[in-house]
Amino acid sequence: MKFTLSWLKDHLDTDATVDEICEALTDLGLEVEDVINPADALKNFTIGKVKSAQKHPDADRLRVCVVETDEGDKQIVCGAPNARTGITIVVAKPGQYIPGIDTTIKVGKIRGIESHGMMASERELELSDEHDGIIELTSGEVGDSFADWLTENDPARIDPVIDIAITPNRPDALGVRGIARDLAARGLGVLKPAKTARVEGSFDSPINVTIDEDATIDGCEVFMGRLIRNVKNGPSPEWLQKRLKAIGLRPISALVDITNFFTYDMNRPLHVFDASKVQGDLRVHRSKGGETLMGLDEKEHTFEPGAVVISDDQGIESIGGIMGGLATGCTNETTDVFLEAAVWDPIQIARTGRSLKINSDARYRNERGIDPAFNAPAMELAAQMVLDLCGGEASHVVTAGAVPDVNRAYKLDTDRVQSLVGMDIAADEQRRILTSLGFSIEGDMASVPSWRPDVQGPADLIEEVARVASLTKLVGKPMARARVGVPKPVLTPLQRRESMARRTVAALGYNECVTYSFIDAENAERFGGGSDASRLDNPISSEMSHMRPSLLPGLLMAAARNQARGFMDLALFEVGPVFHGAEPDEQEVMITGILVGSTGPKDRFGARRPVDTFDAKADLLATLSAIGAPAKLMHLRDLNNWWHPGRSAKLSLGPKNALGAFGELHPKVIQAADVKGPAVAFALHLAKVPFARTKSATRAALAASDLQAVERDFAFVVASGVEAVTLVNAAAGADKALIDEVRLFDEFSGGSLGEGEKSLAITVRLQPRDQTLTDADIEAVSARIIEKVSKATGGTLRG
């Protein structure tokens, strides 16, 4: 929304500067996006006086002038025909930039005589296109700023243009008067009385208006019009053209410029038909679909069914509330004009404008909501302006429909401003603010003005008071504690666990991803989802139709995007919700990580290798340890089908309580995701890990033994299908009090071993607590280890 300072002052009696106005507008919620102030480009130009002007010795059209400036007398060579002794002029000194000719003035010689500056013309200062002579001022002292002189003597020449952003809830601010009203309420001036007019019709309008029944509901509330005959259309007056040009509009003709003026001045879109081109009466109705109209934008528009249009006897002539038709548009030959003012349904306007891809000033305002009560006054004001500028004779007003009743009132609780906003504003000041904004106060009830459709409840009254009083005055205060003493933790145990898991995985070298919770149906089915329960009713796109059953699809897509850009080795993780159904208890928070490619960059030591299952296992175990999971877990093989059947496992506290899974992803899954190279992953159910029974923040005392530990190695021959973890767990269970750790350090097959056999070697660390171990104690424990392993695996001690 653009407007000039002089335009604002038509509605607001104020002495505030442009900077003060802009600061207040932004604080009021009407953010200033740009200020174009012509005075800024003229601030360095000063006033001078020509003391003498002599003919140049080598050029008939040049004058050698001595000019009195604030820096003393300067010699300036000038070719203007009006350069003469005694005139007051505008001086451009060496080093100054001249905007009209895009040049920086320098000291130079013109036909052998030095010139120290320039005497400027209006075109050179971009004040007008006049360049037949230099500027002559009627007053001014030598050395005064030319910009200050213009401000005092001819402010219209340097009228600042202010551009503000309007939020959708403030249609009243799409008119200069609405902006002035806000500034007056803030205290930056006094709102001038609104203009009124009363045009008495002298004849009945030959054009009548009607609204079809199907267009009265959510279409057109009221349609008013009147014929003005014997008008003389042509260029609008200079003041109106300057005003429209300043805000970026092209003056067309007096009749059209009047409607554009009301659009910006009062947020009141209007339309004028050339009455001689209208056949019969005008009818507001809905389109059947397929009709076409050549609009004022000189483009042909095809209507979908249901659009609200205006037709005469020969067809559609205008798109209601959006744009008129070219066939009935006004030209310089127009002598009879039909002036239209109507109130349209905002949603209908938005729908039609979007389908036709038309963005007009009328649509912009009508789809946000105009003042319905101003429809008749706008008709009178516009008709009066047409008569003033174009002459003619007005008919009686014809009307179809009725102005909608938008009267409403809400209780003003002056004490509520403290609880809602946290500001102390006196009750009388609150009433003054609302009254200055156009609200009517009767007792404790505030009636909302018709131009404020955004005020829909008592809380909105408080918002208006706080907005005008300025939220910058709000003083921050700490919230009162609910209880004395140390406050209770804000985060839940699961939230603290989530944070710890995130930090741990990040410390392991993974990069965190945040992906959409929505995935396509194919990926959802691939990872155990895709049912109707998890399907969205209104998806953003076909690729986001289902809630994700796993975090792996998003991570794999992220990996594929990175690899497509040359990043082949990746470590990515995500913490977020997954959805197994539509019910609240079918949602859980998981942490999932993937490793793709190799463990690191190439080096001369040959340490680089492809990632494998044990990398994922190590990272999963580290995460489990960080969040307090038990150290001894079962390894189970019955995994989901997106894991590799022979190179993956899940960790469980029992047959049914699986905490997480790790391993290689199935080759088909990797291929479908277009990921190159080996890909391993882990997934952890954060809520399934048991919480500690004790809630103490301190760790238990270190139970270190001062007795020497003993390590013994064992090698067992077992069947090739026996899992190493089974053997390790069996050895650890031989004496839980004495055995501190069991580690697998070798696996061997072939050689002297039989077909289908392998050798697994383990180290068992024995840590005594009460007394040093004797050989007999060690032999006894060793025997129990051999017995346990043999029973669990069917293996024998390797000789």
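Predicted model: local features only at pLDDT ≥ 70, side-chain atom pairs only at ≥ 80, totals over all residues.
Me: Which residue stands opposite Phe-716 in β41?

Reply: Leu-760 of β41 stands opposite Phe-716.

Me: In what order do the four strands of the open sheet come?

Reply: The order is β40-β41-β39-β42, and the pairing is antiparallel.

Me: Which strands stand at the edges?

Reply: β40 (739–748) and β42 (796–797) do. Each has a single partner strand, so one side of each is left without a neighbour in the sheet.

Me: And which strands do helices α20 and α21 lie across?

Reply: Helix α20 (residues 724–732) lies across β39, β40 and β41, and runs at about 150° to β40. Helix α21 (residues 775–793) lies across β39, β40, β41 and β42, at about 25° to β39.

Me: New topic: how many residues are in the largest nonpolar core?

Reply: That core has 79 residues. Among those with the most contacts inside it are Leu-8, Leu-25, Ile-164 and Phe-262.

Me: Which helix gives the most to this core?

Reply: Helix α11 (residues 375–390) does, with eight residues.

Me: What is Leu-25 in contact with, leaving aside its neighbours within four places in sequence?

Reply: Its contacts are Phe-3, Leu-30, Glu-31, Val-32, Ile-162, Ile-164, Ile-179 and Leu-183.

Definitions and conventions: Residues numbered from 1 in each chain as written. Heavy atoms only, no water. Core = buried A, V, L, I, M, F, W, Y, C linked by side-chain atoms within 4.5 Å. Buried < 20%, exposed > 50% of the residue type's maximum accessible area, 1.4 Å probe, protein only. Helix = DSSP H or I, 4+ residues; strand = E, 2+ residues; numbered from the N terminus. Contact = heavy atoms within 4.5 Å. Pairing = 2+ DSSP bridges. Axes fitted to C-alpha atoms, helices over the stretch in contact; angles between N-to-C directions.
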